[in-house]
Amino acid sequence: MAVDRRAQGALVEQAARDFLIRAGLRPVAANVNYRGGELDLVMRDERTGETTLVFVEVRHRRSDAFGGGAASVDAGKRRRLIGAALRFLAAHPRYADLPCRFDVVDAQGDPKAPRLNWIADAFRADDA
């Protein structure tokens with residue numbers, strides 16, 4: 001039986017989205033595609049009283065044998081995410097003046113019930 005990676009990815013992204021909503025973030029957009037990069041989730045974090053726009057990369061691995069999902073967000077992937085975030089901000093100027101951050105949700109195990117590790121402020125735009 002062929003593994004439907006797209007369906008599994010959608011399950012994991014939905015689990016991550018639900019997890020972040022329960023943590024207090026608010027959804028803005030999902031699966032935003034630009035040439036050269038995709039944003040899995042875009043959310044607002046207003047928990048401190050200020051609004052921060054959060055670009056969330058969701059990475060799923062069945063196990064952490066090769067470093068897990070977070071380890072797969074290498075310099076090239078970070079550059080693509082930053083480029084996609086810049087395009088998002090250009091296309092949505094109402095968010096352009098907000099502080100931004102890049103988070104990673106490392107999901108492991110069964111896509112139907114993944115174990116989630118949220119890494120807030122996982123990297124900075126000037127790190128890439």
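Two strands count as paired if DSSP finds at least two bridges between them. Helices (H or I, at least four residues) and strands (E, at least two) are DSSP runs, numbered from the N terminus. The model is predicted: local features need pLDDT of at least 70, side-chain atom pairs count only at pLDDT 80 or more, and totals for chains, interfaces and linings use all residues. Residues are numbered from 1 along each chain as its sequence is written, and side-chain values use heavy atoms, with hydrogens and water left out.

Strands β1 and β2 run antiparallel and are joined by 8 bridges. Asn-33 has Glu-38 in β2 as its bridge partner. The hairpin of β1 and β2 has 2 residues between the strands, and Gly-36 takes a positive phi near 90° there.

Strand β4 is joined to β3 by 9 bridges, and the two run parallel. Here Val-104 in β4 stands opposite Glu-57. On β5, the pairing is antiparallel, with 6 bridges to β4. Leu-116 in β5 stands opposite Ala-107. Of the 9 residues of β4, 8 are buried, so the strand is largely enclosed by the rest of the structure. Buried means under 20% relative accessible area (1.4 Å probe, protein chains only).

Helix α3 covers residues 75-91. Its 17 residues reach 24 Å from first C-alpha to last, close to the 24 Å expected at 1.5 Å a residue. That expected span is 1.5 Å times one less than the number of residues. Buried residues of α3 include Leu-81, Ile-82, Phe-88 and Leu-89.

Note on methods: Buried means under 20% relative accessible area, exposed over 50%, partly exposed in between (1.4 Å probe, protein chains only).
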